[in-house]
Amino acid sequence: MKILVVGGGGREHAIIMKLAESPKVEKLYCTPGNGGISRYAECFGVKATDIDGVVALAKQLSVDMVVVAPDDPLVLGMVDALNAEGFMTFGPNKAAAIIEGSKVFSKELMKKYNIPTAGYEVFDDPNKAIEYIKAQNSYPTVVKADGLALGKGVVIAQNEEEAVDAVKSIMEDKMFGESGSRIVIEEFLTGPEVSVLSFTDGNVVIPMISSMDHKRAYDNDEGLNTGGMGTVAPNPYYTEDVAKECMEKIFLPTINAMKAENRTFKGCLYFGLMITPKGPKVIEYNCRFGDPETQVVLPLLDGDLCEIFEAIYNGKLADVKFSWKKEFCTCVVMASGGYPKKYPTGLEMSGMDDKGQVDGAFVYHAGTKYADGKFYTAGGRVLGVTATGATLPEALEKSYKAVDKISFENAHFRKDIGKRAMAAIK
């Protein structure tokens with residue numbers, strides 16, 4: 001099979017490396033791709049959000065399957081356009097991708113179908129939102145932009161001043177553009193966070209191995225929210241009992257709710273969960289593989305990813321057999337100095353061989369460019385330095401050893417990835 005993967009980050013690199021293991025795959029293409037991906041897949045210059053361009057490219061290459069990985073093209077309806085041209089496509093259609101495309105939609109879906117989540121209110125008027133915040137007078141409180149915001153559209157306000165600032169910057173200053181025309185204000189939940197990606201063909205849902213993301217820019221969960229600074233899998237807080245409760249109260253009810261709304265979800269549905277004192281609750285849904293969760297989940301998959309994607313497209317996921325390796329996987333994100341705010345690009349990187357690999361680990365490229373036999377930075381999150389091990393400490397040690405061998409000017413990474421997970425294991 002010839003497969004085109006749409007996207008250009010660490011998640012897409014992880015998907016491509018797993019697809020490359022499949023005996024079914026003959027040739028891999030990616031658009032736009034990045035420096036690391038270009039060593040394994042032929043890359044093109046079509047933007048991930050260019051629906052007509054991607055359809056034309058798929059035709060030009062006569063591919064057998066298209067994998068649409070990022071949220072933007074899914075929410076814009078790229079899968080619908082590809083399906084209309086007869087392409088086997090992995091990812092939800094536009095009607096189903098709204099589960100991530102609109103926070104308001106997802107919260108109202110959960111309310112309607114009794115899926116456990118934080119209490120909330122929706123606002124399209126900043127003054128009414130501020131009145132509500134003052135009347136509630138309960139902190140921390142969570143302010144979310146309705147639409148997509150590169151994983152950064154959430155503010156956890158510690159006091160009234162921060163909450164009011166969040167409303168004004170999202171709704172009046174349009175820091176996330178039209179994504180902030182409506183906002184959700186919700187109660188702050190406490191407990192360990194768990195990310196669970198799941199495969200679903202709309203009939204059955206098969207959760208992948210759990211993971212733990214580290215969202216804040218700096219050690220000890222300080223600094224601004226980012227797209228994710230590192231991950232570990234499996235997540236020790238996600239016990240068998242919790243998993244069972246999630247399947248009964250969250251996973252199956254969500255799949256069935258989407259079906260009942262004529263929005264059957266086929267693809268990868270991401271559940272962002274909080275294990276509260278009152279049980280697991282949904283913080284957010286994503287309509288695709290998470291980043292950097294994918295980088296620690298797919299290396300532990302014992303199965304053929306291409307076969308799984310085909311089965312989901314054909315509504316036959318129940319017929320595919322796969323399992324998870326009894327290992328740990330860790331990913332430490334190396335970012336540009338200044339991320340998630342302003343940062344330079346085009347910095348030369350050293351300590352990586354031609355394929356970006358180092359001893360005992362694999363380096364997924366998120367924001368890199370390859371030119372004249374050298375790698376250069378080309379984004380905020382630059383690399384996901386990943387390793388597997390029989391134990392969590394072993395995997396972490398390998399990841400950090402690999403990080404130490406790579407350098408570029410002002411490289412920034414957290415030094416405490418996996419610390420919370422280690423505490424839970426002890």
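Helices are taken as DSSP runs of at least four residues, numbered from the N terminus. In the predicted model, E397 and K401 are 4 residues apart in helix α12 and are therefore separated by about one helical turn. These two residues form a salt bridge, with the closest N and O atoms 3.6 Å apart. E397 is partly exposed at 47% relative accessibility, whereas K401, with a relative accessible area of 52%, is exposed.

The structure holds 20 salt bridges in total. Among them is the pair D221 and R414, whose side chains meet at 3.0 Å, N to O. R414 is buried, with a relative accessible area of 1%, while D221 is partly exposed at 34%. A salt bridge is also formed between the side chains of D221 and R420 (2.7 Å, N to O). Because R420 lies in helix α13 and D221 in the loop between β13 and β14, the pair ties together parts that are 199 residues apart in sequence. R420 is partly exposed, at 32% relative accessibility. D221, R414 and R420 belong, with D416, to a network of linked salt bridges.

T386 is situated in strand β24 (residues 381-389) and is buried, at 3% relative accessibility. A polar atom of the T386 side chain lies 3.2 Å from the backbone oxygen of G384. Beyond residues up to four places away in sequence, T386 touches Q295, C329, T330, C331, A361, F362, Y364 and S399.

How values were computed. Residues numbered from 1 in each chain as written. Predicted model: local features only at pLDDT ≥ 70, side-chain atom pairs only at ≥ 80, totals over all residues. Heavy atoms only, no water. Helix = DSSP H or I, 4+ residues; strand = E, 2+ residues; numbered from the N terminus. Buried < 20%, exposed > 50% of the residue type's maximum accessible area, 1.4 Å probe, protein only. Polar contact = N/O pair within 3.5 Å; in protein donor to acceptor, adjacent residues only side chain to side chain. Contact = heavy atoms within 4.5 Å. Salt bridge = Lys/Arg side-chain N within 4 Å of Asp/Glu carboxyl O.
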